[in-house]
Amino acid sequence: MAVSEGVKSARRVLEILELFDRRKSPLSVQDVTDELGYPQSSASLILRTMTAMGYLYYDGSDRVYKLSPRVALLGIWLSESLFHDGRISTLMQDVSERTGQTVMLGIESRSRVQYVHIVEGNGAIRLHHVPGLM
């Protein structure tokens with residue numbers, strides 16, 4: 001059975017994430033092409049797309065890609081105690097309810113902040129963001 005382009009691209013994204021997990025280090029385009037056998041153009045396009053979406057950072061000085069904290073947080077909802085039943089989430093929910101505003105938890109990543117948990121406000125005018133936003 002032939003794999004459609006859309007399915008092939010999805011598979012390649014996951015294979016790249018698994019390669020990061022195996023290597024436990026930054027990867028260059030060449031690392032991806034050598035290890036996974038992708039054409040250079042495909043590997044470059046996928047890595048740039050993942051970077052634009054906030055899943056990777058590109059280090060231009062070393063010409064390598066690094067995982068962003070967003071990848072580690074993809075399955076965070078599986079651990080209910082970290083946010084939903086935990087103290088941080090309770091405090092964020094309380095602040096949001098008292099103010100009607102959106103409350104965001106961010107982590108510093110170099111000179112940027114990535115929002116990892118968001119409690120939507122209920123006020124008439126409110127800020128709307130999604131987790132992973134830089």
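Asp94 and Arg98 are joined by a salt bridge, with 3.1 Å between the closest N and O atoms; the term denotes a side-chain nitrogen of Lys or Arg within 4 Å of a carboxyl oxygen of Asp or Glu. The model is predicted, so that local features need pLDDT of at least 70 and side-chain atom pairs count only at pLDDT 80 or more, while totals for chains, interfaces and linings use all residues. Residues are numbered from 1 along each chain as its sequence is written, and side-chain values use heavy atoms, with hydrogens and water left out.

Helices are DSSP runs (H or I, at least four residues), numbered from the N terminus. Asp94 is partly exposed at 31% relative accessible area, whereas Arg98 is exposed at 69%; buried means under 20%, exposed over 50% and partly exposed in between (1.4 Å probe, protein chains only). Helix α5 also contains Ser96, which is buried, with a relative accessibility of 3%. Apart from neighbours within four places in sequence, Ser96 is in contact (heavy atoms within 4.5 Å) with Gln101, Val103, Val119, Glu120, Gly121 and Asn122.

Under the stated criterion, the salt bridges number five. Among them, the side chains of Lys24 and Asp21 pair with an N to O distance of 3.8 Å, and both of these residues are exposed. Another links the side chains of Arg23 and Asp31 at 4.0 Å, N to O. Arg23 is partly exposed, with a relative accessible area of 35%, and Asp31 is likewise partly exposed, at 22%.

Two packed helices are described by the angle between their axes and the distance between the axes. For helix α2 (residues 29–36) and helix α3 (residues 40–52), the axes come within 9 Å and cross at roughly 125 degrees. Axes are lines fitted to C-alpha atoms over the stretch in contact, and angles run from 0 to 180 degrees between N-to-C directions. The two helices are therefore oblique to each other, the class left after roughly parallel (under 35 degrees), roughly antiparallel (over 145) and roughly perpendicular (65 to 115). Val29, Val32 and Thr33 of α2 contact Gln40, Ala43, Ser44 and Leu47 of α3. By class, this contact comprises four nonpolar, three polar and no charged residues; Ala, Val, Leu, Ile, Met, Phe, Trp, Tyr, Cys and Pro count as nonpolar, Asp, Glu, Lys and Arg as charged, and the others, Gly among them, as polar.
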